[in-house]
Amino acid sequence: MTVHDHWQMDASAPELYERYLVPAITSVWADDLLDRIEPAKGESVLDVACGTGVVARRLAERGHVGRLVGIDLNGAMLAVARAKSSDVEWTEGSALDLPFATRSFDVVLCQLGLQFFPDRPQALREMARVLRPSGRLGLSVYSAIEHTPAANAFVQALDGFLGPESSRTKRAEHLTCNADEVGNWVRQAGFDRVGVETVTKEIGFPSAFDYVRFQLTATPMAALLTKEDDAGRERTITTIADDVAARLDPSMLANGRLTFPQESFVVVASLR
């Protein structure tokens, strides 16, 4: 038995994502977003690009009373969400064509999803459409990858070991624009009183190996290693993890644990 066996890899990518990446990363941003928006009792809330549902589930756990809906295009992620909570209406659908009537919700949330939409202005217009007058929007989106050291080291290691196209998926998680541009997108979609803040959170993993392992098993990047057997995958992950560690400031690897800053733009906006 190795020190890594406790990760129990006998699960699907969405299940692994929920088991390991949600506690380490997305739950941190979910709590930040909910603290900023603070949906009130009785308000109806839509979580766009909900994934396995951490934002809506966290809100339910806080005792929210009111309609809670999560929507995502990925049926496998929604299957995990449904298994985790029956307090939320889980819907499969596109952010570009939300299957809800105009003025259906008091609050729309979108955590770490905007960067993936093929038409961001259309997605934001749809969020505005389904909000009631005075409705509120809260969204977060990763900033440039260079501002998240572990992610930046990871894509460089991937490019060096697996080729320059291998990091495309990871790089797509991050915007390349600045906060002002994000704010302009939101205003052009019809929102006013738009506030954009650049926020940094500290993210931690037990080791660089664990960070790399879950990037390559619990996300779409798992496709990069499908042709390798278990031993080959382990060797590749170890090699890439060693490269990542070598690129990071030693202070981020104290006592073997990986701790790094992660930067996002966080938007709070409302409609008249």
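Biologist: Let's start with Arg-57: is it buried or exposed?

Modeller: Bear in mind that this is a predicted model, where local features need pLDDT of at least 70, side-chain atom pairs count only at pLDDT 80 or more, and totals for chains, interfaces and linings use all residues. Numbering runs from 1 along each chain as its sequence is written, and side-chain values use heavy atoms, with hydrogens and water left out. "Buried" means under 20% relative accessible area, "exposed" over 50% and "partly exposed" in between (1.4 Å probe, protein chains only). Arg-57 has a relative accessible area of 8%, so call it buried.

Biologist: And which residues does Arg-57 touch, skipping those up to four places away in sequence?

Modeller: Arg-57 sits in helix α2, residues 54-61. Helices here are DSSP runs (H or I, at least four residues), strands are too (E, at least two), and both are numbered from the N terminus. Contact means heavy atoms within 4.5 Å. With those close sequence neighbours set aside, the residues touched by Arg-57 are Glu-18, Thr-52, Lys-84, Ser-85 and Trp-90.

Biologist: How do α5 and α9 sit: what word describes their orientation to each other?

Modeller: Helix α5 covers residues 149-162, helix α9 covers 230-247, and they pack at about 130° with axes 9 Å apart. Axes are lines fitted to C-alpha atoms, for helices over the stretch in contact, and angles run from 0 to 180 degrees between N-to-C directions. Under 35 degrees is roughly parallel, over 145 roughly antiparallel, 65 to 115 roughly perpendicular, and the rest oblique. That's why α5 and α9 are oblique.

Biologist: What are the class counts for the residues in that α5 and α9 contact?

Modeller: On the α5 side the contact includes Phe-154 and Leu-158, and on the α9 side Ile-240 and Arg-247 are among the residues. Ala, Val, Leu, Ile, Met, Phe, Trp, Tyr, Cys and Pro count as nonpolar, Asp, Glu, Lys and Arg as charged, and the others, Gly among them, as polar. The contact splits into 8 nonpolar, 3 polar and 2 charged.

Biologist: α5 also packs on α8, so which residues of the two helices meet?

Modeller: These two pack at about 65° with axes 12 Å apart. That makes α5 roughly perpendicular to α8. In α5 you'll find Ala-150, Ala-151 and Phe-154, and across from them in α8 are Tyr-211, Val-212 and Gln-215.

Biologist: How many residues apart in sequence are the parts tied together by Tyr-20 and Phe-214?

Modeller: Rings of Phe, Tyr and Trp (its six-membered ring) pair if their centres lie within 6.5 Å; planes under 30 degrees apart are stacked, over 60 edge-to-face, the rest tilted. Tyr-20 and Phe-214 form a tilted pair, 4.3 Å centre to centre with 45° between the planes. Since Tyr-20 lies in α1 (residues 13-37) and Phe-214 in α8 (residues 208-215), the separation of the parts tied together is 194 residues.

Biologist: What kind of ring pair do Phe-154 and Tyr-211 make?

Modeller: Both Phe-154 and Tyr-211 are buried. Their ring centres are 6.0 Å apart and the planes are at 80°, so the pair is edge-to-face.
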